[in-house]
Amino acid sequence: MSTDKISFEPKVLEGEINIPYKWTTGPAAGKFLTTLRDERKIIGLKCSSCGRVSVPPEEICGKCRKRNSEFVDISDEGELVSFTEVRVPVFWQPAEPPFVIGFIKLDGADTLLIHRILASASSLKKGLRVKARWKEEREGHILDIEGFEIIQEG
Amino acid sequence: MKKIAIVGYATSPFKPGIRDIHLGELVFNTVQEALKNTGMSIEDIETVVDASCDIIDGRSISNTFMIEPMGAFLKEEAKVEEDGAYATIYAYMRLLTGKFKTAMVVSHGKISESSPDTYSGTIADPFFMRPMGITALTSTALHVSTYYGHYGIDEKYAAMVAVKNLGNAKLNPRAHNKGDYTVEDVLNSEVLATPIKKLDSPPVTDGAAVIILAVEGEAEKITDTPVWIRGVGFINDGFYLGHRDLIELPSLREAARRAYAAAGIKNPAEEIDIAEVYESYSFNELMLYDGLGFCEKGEGWKLIEEGTTCRDGKLPVNVSGGALGANPLMARGLVNMIEVATQLTGKAGEHQVKKDLKTGLVHSTSGFCFQSNVVWILSNEKG
């Protein structure tokens with residue numbers, strides 16, 4: 001469509017952008033993460049209006065638009081709701097593929113937590129009971145929990 | 001309310017990697033093509049809205065270097081960091097103010113210059129989702145596992161969507177990912193993240209799409225075949241996937257409800273003649289049938305099994321081949337709009353649907369797992 005085409009050798013400039021960040025967590029995510037580190041415990045936030053307990057803590061309830069401030073203790077055990085076995089590399093992956101991530105309904109929470117499931121996909125099914133495997137060295141990060149293991153019955 | 005129509009459009013070629021021309025030329029060429037198609041000159045365009053993405057372009061405020069190729073030089077221009085079907089909302093609103101008679105929406109992206117995975121991975125938050133490897137692929141896999149698990153839907157129905165869309169793409173010159181496949185081919189293709197397989201997944205696509213809008217009175221002067229906007233709805237859900245209702249699809253349902261209310265549509269499955277939806281992955285299309293009210297909740301699989309949404313069905317969906325046929329990020333929503341406009345005016349050539357068309361639906365989405373949705377209702381009748 002353009003007129004007077006310029007004749008040139010096709011050239012592609014290669015480069016990358018590497019930007020360091022320091023993300024302030026805010027009170028909800030911050031207390032959740034430091035509690036993982038210091039108390040080896042999962043906490044959630046309860047909405048003062050609708051009573052929904054969210055994990056990870058939802059600082060502002062979307063439905064009620066209330067700023068949540070009531071932290072409640074949540075179990076580190078729960079139920080596997082759904083999962084996927086990731087077989088190709090993805091950005092910021094938690095492990096080399098294949099790895100499994102899933103939605104976990106922790107006892108005491110009304111929402112689902114996304115985390116690693118430390119088991120082969122073939123051994124998994126909806127409704128299995130799972131429990132957190134904690135890291136010994138913790139730094140206040142969601143991966144202070146290495147992942148969730150199936151609770152063996154009996 | 002003032003009536004507004006699509007009066008012109010153009011797309012660039014869609015390819016897995018456009019290396020011979022740079023982004024500016026891609027946009028310039030597509031804008032020129034849209035103007036030529038409508039017999040307009042750039043002076044006739046009063047305002048411009050750009051849909052592009054900083055991460056894809058590798059520049060902050062990525063419209064700053066696109067002013068000249070878009071033809072927005074010393075005009076009222078703004079950028080939307082969303083798909084083109086969202087940028088169209090702003091162009092539409094500008095025309096509704098009465099200040100402008102014409103507006104152009106320009107959407108573009110050369111995702112092959114970086115990677116789709118980087119783009120979608122940076123949508124995730126740094127505290128909870130990024131460390132889990134959440135991207136478009138993995139979030140969709142979790143969503144599918146949840147929704148399909150809840151309703152007990154077999155993955156073969158998603159494979160049937162892939163077969164349909166890749167087959168539809170064969171007739172569409174705008175699509176580049178196409179072919180004759182069987183359900184078995186899809187089910188046996190490489191697993192990327194269970195249950196999503198290679199043939200369920202969109203290709204890497206570079207490209208641009210442009211539409212021109214005009215107000216009633218002006219639109220009829222520009223073209224004999226304006227396509228009228230009869231309604232729009234757009235809704236946003238919350239962010240963290242585990243906090244959302246991934247089965248009820250509230251954002252999609254409400255966006256559709258508002259678009260139908262604006263257009264006076266009571267029964268979408270009966271009144272909509274054709275739909276182009278942003279499925280991204282084959283599995284999503286069945287959820288879209290549900291959220292858009294084309295079927296009862298959780299029964300999208302019936303529409304593909306009965307052939308309702310096939311090319312010659314009662315409600316053809318993605319006759320273009322959808323995002324499986326070509327997935328130009330930031331431009332796909334406008335491609336959907338252009339496809340429906342082309343079909344409604346009988347200009348789709350070899351892939352024209354062989355039935356009378358009056359009302360079309362255009363859907364686009366943004367964020368993970370249908371967080372945000374926009375639904376447009378278009379018609380070849382002014383109403």
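User: Before we start, what does an angle between two helices refer to here?

Analyst: Axes are lines fitted to C-alpha atoms, for helices over the stretch in contact, and the angle is taken between N-to-C directions. The model is predicted. In it, helix 7 (residues 156–169) of chain B packs with helix 12 (residues 282–291) of chain B at an angle of about 100°, and their axes are 7 Å apart.

User: Why are helix 7 and helix 12 of chain B called roughly perpendicular?

Analyst: Angles of 65 to 115 degrees count as roughly perpendicular. The angle for this pair is about 100°, and helix 7 and helix 12 of chain B are therefore roughly perpendicular to each other.

User: Which residues make that contact?

Analyst: From helix 7 of chain B come B:Tyr157, B:Ala158, B:Ala159, B:Val161, B:Ala162 and B:Asn165; they meet B:Ser282, B:Phe283, B:Glu285 and B:Leu286 in helix 12 of chain B. By class, the contact has seven nonpolar, two polar and one charged residues.

User: Is B:Ser280 buried or exposed, and how do you know that?

Analyst: B:Ser280 has 23 other C-beta atoms within 10 Å. The cut-off for buried is 20 or more, so B:Ser280 is buried. B:Ser280 lies in the loop between strand 9 (274–276) and helix 12 of chain B. Its phi is positive, about 60°, although B:Ser280 is not a glycine.

User: What makes A:Arg65 exposed?

Analyst: A:Arg65 has 9 other C-beta atoms within 10 Å, and a residue with 12 or fewer is exposed. A:Arg65 is therefore exposed. A:Arg65 sits in the loop between strand 2 (53–54) and strand 3 (70–74) of chain A, with a positive phi near 55° in a residue other than glycine.

User: Why is A:Ala119 called partly exposed?

Analyst: The count for A:Ala119 is 18 other C-beta atoms within 10 Å. Buried needs 20 or more and exposed needs 12 or fewer, so A:Ala119 falls in between and is partly exposed. The residue is in the loop between strand 6 (113–116) and strand 7 (129–134) of chain A. Leaving aside neighbours within four places in sequence, A:Ala119 is in contact with A:Val100, A:Leu124, A:Glu149 and A:Ile150.

User: How many residues does each chain give to the contact between chain A and chain B?

Analyst: Chain B gives 37 residues and chain A gives 37 residues. On the side of chain B that touches chain A, the largest share, seven residues, comes from helix 6 of chain B. That side divides into 16 nonpolar, 15 polar and six charged residues.

Methods. Residues are numbered from 1 along each chain as its sequence is written. Chains are lettered from A and ligands numbered from 1 in the order in which they are written. This is a predicted model: local features need pLDDT of at least 70, side-chain atom pairs count only at pLDDT 80 or more; totals for chains, interfaces and linings use all residues. Two residues are in contact if their C-beta atoms, placed from the backbone, lie within 7 Å. Helices (H or I, at least four residues) and strands (E, at least two) are DSSP runs, numbered from the N terminus. Ala, Val, Leu, Ile, Met, Phe, Trp, Tyr, Cys and Pro count as nonpolar, Asp, Glu, Lys and Arg as charged, and the others, Gly among them, as polar. Axes are lines fitted to C-alpha atoms, for helices over the stretch in contact, and angles run from 0 to 180 degrees between N-to-C directions. Angles under 35 degrees count as roughly parallel, over 145 as roughly antiparallel, 65 to 115 as roughly perpendicular and the rest as oblique.
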